[in-house]
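I wanted to look up how the two chains meet and which side chains pair, and to keep a record of each step. The entries below are in the order in which I went through the structure.

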Amino acid sequence: MTARKPASRLERRFEQLRAESRPALVTFVTAGDPDPETGFAVFSSLARAGADIIELGMPFSDPMADGPVVQEAGQRALAAGMTLRKTLDQVRRYREQDDETPVILMGYYNPIHHFGPESFLDAAVEAGVDGLIIVDLPVEEDDELCHPAMARGIHWIRLATPTTDDARLPRVLTNTSGFVYYVSVLGVTGTRSAQDEEIRRAVERLKSHTDLPIAVGFGIRSPEQVAKIGAVADAVVVGSAIVSLVAENLDADKRPNSVLIDKVSDFVASLAAATRGT
Amino acid sequence: MQKPESYRSGPDESGHFGKFGGRFVAETLMPLILDVERAWNEARNDPGFKRDFDFYAEHYIGRPSPLYHARRLSEELGGAKVYFKRDELNHTGAHKINNTLGQILLARRMGKTRIIAETGAGQHGVATATVCALFNLPCVVYMGATDIARQAPNVFRMKLLGAEVIPVHSGTATLKDAMNEALRDWVANVEETFYIIGTVAGPHPYPAMVRDFQSVIGDEVREQIMRAEGRLPDALVACIGGGSNAMGLFHPFLDDEGVSIYGVEAAGDGIETGRHAASLSGGEPGVLHGNRTYLLQNDDGQIIDAHSISAGLDYPGIGPEHSWLHDVGRVEYVAVTDAQALEAFKLCCRTEGIIPALEPAHALAYVQQLAPTMSREEIVVMNLCGRGDKDVFAVAEALGVEL
């Protein structure tokens, strides 16, 4: 009997990681930050430095769930002319060099709503996008984008949070695919961190409801945290800490210095090492 | 589009007015939004809740506000009889407190111990700080840094009332960013915090709940005009930023076919200049702050800043029920410029001895156009939803007068 070949890049990636018995390192950066070209160079450097899955933020003028670090990254990108169409173009361009690493777009609904949900999804499939995380589309609004995305084979990755109780959780997990993103703290991105014990209990609770891999994010910024959380979760998401590094390596005119890519790569490599116990 | 059986039955169970409205919020907030909805559904059917609201409305806010026949103004315009609904005589000087009273009573009922709010011009912030002082609850008001600079008296009022005013520097540092920041606070403090939204926008149930609290305006007008004239008015006029004073006046009349209804948006420098706050006249449907509605946005779906001389109308969105009433054609939405509103402001001062806020000055600018086209037997009711003390500096500046 032959095993069914996993259908998507994301499923293949998690299968491979299970074989290696290690958690996935998921890295988030904002597309086009601080400008489209530098942003693409940052995006392209992540997998080479050891990221297993890439989350690419779609800049939005009003990012309600993000802390200052990611807000400012979005503002920089928009000021430099980044658009949703250019984000899709960058994924397409990235696929010329890497057809294995899953790329997930994360952001807010309005730019997609304006683009046209159906056209956006068609363009995303064509560009090589593997999944979507749309912060302001809860299960109550699944008709908007979730159902048409899944019909096209795009993973719909849902956020579960400490306020998602047991009564609500099964509904949230329905129509979730790829993995479940557990938001480990009450709050916005890049602010506080949760206690390890809380996270362990939360991951256990999720595992009792689903067979999907569980990723944990929000407030994770060091190799030590990655190692600890990676011991209980299937994937660890680091975002604001990387975006901060981008911000720290810009001059007053938001131009990157010569070491920006190296700094990001070194940091991502240190996070990746933590997922390998090295 | 097919005409609905009633214009007053929305929203549906999932919070939609036609395709508008809904609940576009992060998962962290969703359980809380559902709690607010449950609590609101219980409270609205509880005679005790209504008794409490009515008690404070009468003895603290000073309701009912008068319905006043503006004779000199009507004479000057030479057409319909113009009545003002005097919601500027409420405690704190605007209609905003009708809503903050209702929401804080709900917050207490839910056992919440901390109140947050967003504010643009500061009127909703002041109205929230006021009821927080009344009920002894800590109050945090988010306000864009740009707005803080141009609304210093209201910032001081909020502080006198015991509120903490937090400047918001993110984005464009105006009302929309204050609302983003309030939502961020709420996500981080869901357990104990109640978010008092200031207009008929946000995720369900807010648009319907705020409308219902503000409907005290239209309900009173119905009774008052029947006493004064023995019949319903021919037209209603109200200004629209988010649209809460308008929704409150309009809603009780939506099914009265003989009543024409006009919502007046802020055209700023003119719709054609792109510098305006008219979401219906110059925007497109989109999703922001928890609901689908008409929004000012660019080709990439990024929200763009609104512009109006009136800080209270300076919002790039509009309540979803207005978007629906616009699409089904029940309410006619028009827009007037800063310059037209200023002329109406002066007219009101000169003919009626009432200094209106710049927001209802927009409504009056449309009444100036509308009334002369009507006969002397016809009746227009305009919501004079705020007094103008707060605006005298802005008006002086616009008129080139140094104080």
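**Entry 1: ground rules**

I am working with a predicted model, in which local features need pLDDT of at least 70 and side-chain atom pairs count only at pLDDT 80 or more, whereas totals for chains, interfaces and linings use all residues. Residues are numbered from 1 along each chain as its sequence is written, chains are lettered from A and ligands numbered from 1 in the order in which they are written, and side-chain values use heavy atoms, with hydrogens and water left out.

**Entry 2: the interface**

I began with contacts, meaning heavy atoms within 4.5 Å, and found that 36 residues of chain A touch 38 residues of chain B. The two chains bury about 2900 Å² between them, 51% of it on carbon and sulfur atoms; this buried area is the accessible area (1.4 Å probe) that two parts lose on being put together, summed over both.

I then looked for salt bridges, defined as a side-chain nitrogen of Lys or Arg within 4 Å of a carboxyl oxygen of Asp or Glu, and the rule finds three across the interface of chain A and chain B. One of the salt bridges I looked up joins Arg168(A) and Glu27(B), at 2.8 Å from N to O.

For polar contacts I used pairs of N or O atoms within 3.5 Å, where within protein one must be able to donate a hydrogen and the other to accept it, and residues adjacent in sequence count only if both atoms are side-chain atoms. Across the interface of chain A and chain B there are 20 residue pairs in polar contact, both residues being at pLDDT 80 or more.

On the chain A side, α3 (68–79), α5 (109–115) and β6 (158–160) each supply at least two residues that touch chain B, and α5(A) gives the most, with five residues. Helices (H or I, at least four residues) and strands (E, at least two) are DSSP runs, numbered from the N terminus.

**Entry 3: aromatic rings in chain B**

I counted ring pairs next, taking rings of Phe, Tyr and Trp (its six-membered ring) with centres within 6.5 Å, and calling planes under 30 degrees apart stacked, over 60 edge-to-face and the rest tilted. The count comes to 20 aromatic pairs over all chains. The pair of Trp40(B) and Phe49(B) is edge-to-face, because the ring centres are 6.5 Å apart and the planes stand at 75 degrees. Both Trp40(B) and Phe49(B) are buried, where buried means under 20% relative accessible area, exposed over 50% and partly exposed in between (1.4 Å probe, protein chains only). I noted that Trp40(B) and Phe49(B) belong to one aromatic cluster with Phe53(B) and Phe213(B).

What does the side chain of Tyr294(B) make a polar contact with? The partner is the side chain of Asp327(B), at 2.7 Å. Tyr294(B) lies in strand β12 (residues 290–295) of chain B and is buried at a relative accessible area of 10%.

Lys390(B), in the loop between β14 (379–383) and α16 (392–398) of chain B, counts as buried at 12% relative accessibility. I found a polar contact of 2.9 Å between the side chains of Lys390(B) and Glu359(B).

**Entry 4: salt bridges within the chains**

A search of the whole structure gave me 49 salt bridges over all chains. In chain A, Arg171(A) and Glu140(A) meet at 3.4 Å, N to O. Arg171(A) lies in helix α8 (residues 169–173) and Glu140(A) in the loop between β4 (131–134) and α7 (146–151), so the pair ties together parts that are 31 residues apart in sequence. Arg171(A) is partly exposed at 47%, whereas Glu140(A) is buried at 14%.

Arg63(B) is buried at 5% and Glu220(B) is buried at 11%.

My last pair was Glu321(B) and Arg211(B), whose closest N and O atoms are 3.1 Å apart. Glu321(B) in helix α13 (residues 320–328) and Arg211(B) in helix α9 (residues 206–214) are 110 residues apart. Glu321(B) is buried at 3%, and Arg211(B) is buried at 4%.
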